[in-house]
Amino acid sequence: MSTELQLIDTIFFSDKRKNLLLLLKDGPKTIEEIKKGLKVSSSPIMAQIRILLKEGLLVQKGDSYCLSVKGKLIVPKMEPLLSTFRVFDENHEYWARQNLRTLPPHLLDRIGELGSCKELLPGKTHIFDYPPEIMDPLYKSRTVMEISSIFRPGYPSLYLDLAKRGIEVSLVLERQICEKLVSDYRADVEEFLNMENTHLFVCDHKIELASSIVTDRFISLSMISKEGRYYNHEMVSFEKSALVWGQELFNYYKDLSKQITQI
């Protein structure tokens, strides 16, 4: 086995070693602190400590164990990779269907920040609507931002209602979606634009995903499949890191767009 493969095996193929390394990222620990932090007994954890000492990932200083210089370089890089594993493992079938290359590269690299996600499947009674599971947190949000390359019949009434409740609403729409909105719901769009807490942006670049809603409470992501189809399945996360990720996604497309203040 090569040195690289042996190191990967040492770090990732044992939950005890992986958890020990992550625990020591916060600083040196005695064996008693390690046992308490990992809820393990002495014998099993000492065996793992000896392996990590041999691999040069740990050093012993008196009664404490801490990360070596090598360990301090490697362990912080473990967490993004482990987060990515968790995102894909929890919803393997969903992600396997999606064309992940439609995400901006810098955000795809950090997809692990979505954290714990849940796939919401549309029911027959609301196949073209937002999932009922996100409506309550949507109305409890202070800010709502959506990117969209699809048209939903509920757009005008929903976003006008949110704005009238004092929620700050910002929309980035592909030009053809915006044109349909103006064509079919001109009065509603004019009312929306005349409010102080609303913003509408038109994107002439192709928006590579179906839609994404990000609020101060959750992010909802709906992607295009590898076959180029839209299935109206939403991936939702309430993790704080996911909200930051979603805001960056919104800003990425907003920066490619032009704000519309009147029609």
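**Close-up views of a predicted model**

**View 1. Threonine 30 and the pairing of strands β1 and β3.** Threonine 30 stands opposite serine 64 in β3. The structure shown here and in the following views is a predicted model. Strand β1 is joined to β3 (residues 64-67) by two bridges, and the two strands run antiparallel.

**View 2. The open sheet of three strands.** The strand order is β1-β3-β2, with antiparallel pairing. Because β1 (29-30) and β2 (58-61) each have a single partner strand, they stand at the edges, and one side of each is left without a neighbour in the sheet. Strands of a sheet pair through backbone hydrogen bonds, either parallel or antiparallel. Helix α4 lies across β2 and β3 and runs at about 110° to β2.

**View 3. Lysine 39 in the loop between α3 and α4.** This loop connects α3 (31-38) with α4 (42-54), and lysine 39 is placed within it. The phi angle of lysine 39 is near 55°, a positive value in a residue other than glycine. Lysine 39 has a relative accessible area of 76% and is therefore classed as exposed, the threshold being over 50%.

View 4. Threonine 215 belongs to β8, which spans residues 211-215. Its relative accessibility is 0%, so threonine 215 counts as buried, for which the limit is under 20%. The side chains of threonine 215 and serine 141 make a polar contact at 3.0 Å. With neighbours within four places in sequence left aside, threonine 215 is in contact with Leu138, Ser141, Thr143, Val144 and Leu243.

Definitions and conventions. Residues numbered from 1 in each chain as written. Predicted model: local features only at pLDDT ≥ 70, side-chain atom pairs only at ≥ 80, totals over all residues. Heavy atoms only, no water. Helix = DSSP H or I, 4+ residues; strand = E, 2+ residues; numbered from the N terminus. Buried < 20%, exposed > 50% of the residue type's maximum accessible area, 1.4 Å probe, protein only. Polar contact = N/O pair within 3.5 Å; in protein donor to acceptor, adjacent residues only side chain to side chain. Contact = heavy atoms within 4.5 Å. Pairing = 2+ DSSP bridges. Axes fitted to C-alpha atoms, helices over the stretch in contact; angles between N-to-C directions.
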